[in-house]
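Here are my notes on the model, as numbered points. Have the coordinates open while you read.

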Amino acid sequence: MESDEFRDEMAVAASNLNASALSQFQLCDSCLGRLFAKVGRGVENRSRGIIARPLLNVVSPEKDSECFMCKGVASRVEMYAEQAINALAEWEYSSFLIGTKFEQEILASEETVWSEAGATLTEPIKAEMNREIGKLVEKMTGKEANFTKPDIIAVVDTTYESVEVQVSSVYFYGRYRKFSREIPQTRWPCRECRGRGCERCNDTGKMYQDSVEEFIGRHAVEITGGKDHRFHGMGREDIDALMLGNGRPFILEIKDPKIRTINYPKLQEKVNASTDKIEISELRPSDGDEVVRIKDARPNKSYRAHVVFSAPVNEENLKEVVVSLGGTSIAQQTPTRVIHRRSDMTRNRTVHKLEARMLNSLEAELDITAEAGTYIKEFVHGDGGRTVPSIAEKLGISCEVRALDVLNIIDNE
Ligand SMILES: [Zn+2]
Ligand SMILES: [Zn+2]
């Protein structure tokens with residue numbers, strides 16, 4: 001089975017060890033073989049140990065539990081694999097990863113033997129056990145071990161023979177539209193009690209009873225048997241702004257899901273039937289990497305602003321202003337309304353497109369397409385000269401934004 005070449009390499013490696021120092025320890029086949037872990041490939045340490053034993057005067061313990069290094073842990077791979085599979089049984093997963101924890105004494109014994117024997121071709125018991133338990137779990141379940149993005153991790157504690165399960169979040173993408181001026185995008189904990197519940201929030205722990213996140217999250221958690229949710233939006237609109245048009249992209253993360261295979265049409269239907277305040281569409285699976293992409297995206301957006309003027313405006317005047325400001329760059333010093341939480345600086349933003357319709361001599365509706373990060377309200381009223389140019393400045397009339405809605409998130413051009 002093992003080639004002559006491999007046996008020769010083992011013999012050389014054995015001759016490089018301090019045999020007399022090694023002979024004071026009783027070691028099981030796995031632990032002896034692990035001193036040669038880097039000799040040859042595709043061989044189990046147990047087999048290496050069997051080959052190495054006649055080359056060295058190392059006694060095999062009568063009982064596995066008497067092995068100086070592992071105290072019998074290395075012989076319990078099958079038991080640990082079964083414990084792991086049992087622990088994972090209540091979760092849906094297609095890929096997994098095995099981790100292990102050991103008594104400090106075992107790790108210390110390992111160090112002792114290695115340094116006394118002068119062993120350099122070793123591997124830690126942890127690496128061997130992770131791999132061997134993993135291989136067996138793969139065989140017994142037909143699921144795949146995945147070292148970078150497992151659905152689930154089982155950490156076997158060999159001291160207490162218990163298993164701790166860590167479940168990876170499940171993510172899905174979608175777009176939402178919001179038809180209410182009274183709900184925030186994400187859960188908003190009460191400022192007073194920070195979520196514990198108090199008089200101000202009626203013991204709900206929340207500033208707002210509902211949010212886009214919760215309308216979606218509560219059904220997603222129910223369908224997946226998850227514990228909690230987290231909302232990742234491609235930006236956000238103000239609470240009192242509607243989100244219309246093609247909707248805003250988001251990713252919902254569900255923590256500790258029992259079920260990972262989501263019936264998206266059904267989830268979409270459930271959410272949309274539960275409220276008339278939001279509507280979701282285009283649901284599909286996603287992952288943590290896409291969260292980063294969504295958070296970093298800087299899409300242009302188009303808005304509709306309902307503007308009220310302080311004095312009657314001539315329609316021709318307004319059209320001229322609109323033509324002069326469409327496609328221009330504006331300089332925005334941090335708005336007074338956010339200056340308490342943003343550094344005071346000037347940013348240049350491009351207003352790509354601008355259209356206006358008079359509603360009456362005192363009111364107009366503006367459609368504005370602008371670069372990401374543009375402060376739209378300030379572009380309209382000028383913020384006391386902090387945004388230049390602005391609609392108000394060009395008209396020579398002060399004005400205010402009565403309502404501001406997002407028409408489209410232009411993220412796929
Ligand atoms: Zn051992
Ligand atoms: Zn409260």
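1. Start with Arg357: leaving out residues up to four places away in sequence, Arg357 touches Ala364 and Glu365, where a contact means C-beta atoms, placed from the backbone, within 7 Å. Arg357 sits in strand E11 (residues 346–360); helices (H or I, at least four residues) and strands (E, at least two) are DSSP runs numbered from the N terminus. Asp367 is 10 residues from Arg357 in sequence, and their C-alpha atoms are 8.7 Å apart. Arg357 counts as exposed because 12 other C-beta atoms lie within 10 Å; the cut-offs are 20 or more for buried, 12 or fewer for exposed, and partly exposed in between, with C-beta atoms placed from the backbone.

2. A word on provenance: this is a predicted model, so local features need pLDDT of at least 70 and side-chain atom pairs count only at pLDDT 80 or more, while totals for chains, interfaces and linings use all residues. Residues are numbered from 1 along each chain as its sequence is written, and chains are lettered from A and ligands numbered from 1 in the order in which they are written.

3. Now the overall shape. The chain has 13 helices and 14 strands. Its radius of gyration is 33 Å, well over the 22 Å that the globule rule gives for 413 residues, so the chain is more spread out than a compact globule. (That radius is taken over C-alpha atoms, and the rule is 2.2 Å times the number of residues to the power 0.38.) The C-alpha trace spans about 105 × 40 × 40 Å along its principal axes, and 35% of the 413 residues count as buried.

4. On domains, the assignment gives domain 1 (4–167), domain 2 (170–181 + 211–296) and domain 3 (300–410); such bounds come from an automatic or database assignment. The C-alpha centres of domains 2 and 3 are 30 Å apart. Their contact takes 10 residues from domain 2 and six residues from domain 3.

5. What about the cores? The largest nonpolar core has 46 residues, and Ala305, Leu366, Ile368, Ile376, Val380 and Ile391 touch the most other members. (A nonpolar core is a set of buried Ala, Val, Leu, Ile, Met, Phe, Trp, Tyr and Cys residues joined through C-beta atoms within 7 Å.) Strand E7 (residues 243–255) supplies the largest share, five residues. Domain 2 and domain 3 both give residues to this core, so it lies between them. Apart from this core lies another, of 41 residues, with Leu27, Cys31, Phe96 and Val156 among them.

6. Gly225, which follows H8, has a positive phi near 65°.

7. The Val388 to Pro389 peptide bond is cis, with omega near -10°. Lys71 has a positive phi near 55° and counts as buried, with 21 C-beta neighbours inside 10 Å. Asn202 also has a positive phi, near 60°, but is exposed, with 11 other C-beta atoms within 10 Å.

How values were computed:
Two residues are in contact if their C-beta atoms, placed from the backbone, lie within 7 Å.
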